[in-house]
Amino acid sequence: QQRRRLRRWGGGVGTVDNATTSFRRRGRRLQCEAALMEAAVLAKYAAAGGIGACVSHCGAVPLDVIKTRVQTEPERFQGQGLLATGKTLVAEEGPGVLLKGLGSTMVGYSI
């Protein structure tokens, strides 16, 4: 019965020391495999967090562009609300103006 246990652990038919040594080697290999799996899981969670942050901030970037423009040119947009300012910017500079800075924001949240 002891020999069967030794074979199951990958040890030789010899002494208990062989089985213990073999088990320790397997244990290190399993620890390395577990560490690699843990790193893969962490990478997956990091990617999911980066994608989630990018998606959630896509809606905030146009609002931030409008806010920044009102702060930098207050006399130009005096008395206009959020929507009126956005319409003015789109009419004068095109719809792409509301997405300025989206690329750098996405890179920043992905890191």
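Contact here means heavy atoms within 4.5 Å. The model is predicted: local features need pLDDT of at least 70, side-chain atom pairs count only at pLDDT 80 or more, and totals for chains, interfaces and linings use all residues. Numbering starts from 1 along each chain as its sequence is written, and side-chain values use heavy atoms, with hydrogens and water left out.

**View 1. Phe-77 and its contacts.** Not counting residues up to four places away in sequence, Phe-77 touches Arg-69, Val-70, Thr-85, Thr-88 and Leu-89. Phe-77 also belongs to the largest nonpolar core. That core has 5 residues in all: Ile-66, Phe-77, Leu-89, Val-97 and Leu-98. A nonpolar core is a set of buried Ala, Val, Leu, Ile, Met, Phe, Trp, Tyr and Cys residues joined through side-chain atoms within 4.5 Å. In soluble globular proteins, nonpolar side chains tend to be buried together.

**View 2. Arg-69, a buried residue of helix α3.** Arg-69 lies in helix α3. Its relative accessible area is 16%, so Arg-69 is buried (buried is under 20% relative accessible area, exposed over 50%, partly exposed in between; 1.4 Å probe, protein chains only). Leaving aside neighbours within four places in sequence, Arg-69 contacts Arg-76, Phe-77, Leu-89, Glu-93, Val-97 and Lys-100.

**View 3. Helix α3 against helix α4.** Helix α3 (residues 60-72) and helix α4 (residues 82-93) pack at about 90°, with axes 10 Å apart. The two helices are therefore roughly perpendicular (65 to 115 degrees; under 35 is roughly parallel, over 145 roughly antiparallel, the rest oblique). Axes are lines fitted to C-alpha atoms, for helices over the stretch in contact, and angles run from 0 to 180 degrees between N-to-C directions. From α3, Leu-63, Ile-66, Arg-69 and Val-70 meet Leu-82, Thr-85, Gly-86, Leu-89 and Glu-93 of α4. By class, this contact has 5 nonpolar, 2 polar and 2 charged residues (Ala, Val, Leu, Ile, Met, Phe, Trp, Tyr, Cys and Pro count as nonpolar; Asp, Glu, Lys and Arg as charged; the others, Gly among them, as polar).

**View 4. Ala-53 and Tyr-109.** Ala-53 lies in helix α2 (residues 16-58). Ala-53 counts as buried, at 16% relative accessibility. Ala-53 and Tyr-109 are 56 residues apart in sequence, yet 6.2 Å apart in space, C-alpha to C-alpha.

**View 5. The chain around these sites.** The chain has 5 helices and 0 strands (DSSP runs, numbered from the N terminus: helices are H or I, at least four residues; strands are E, at least two). Of its 111 residues, 18% count as buried.
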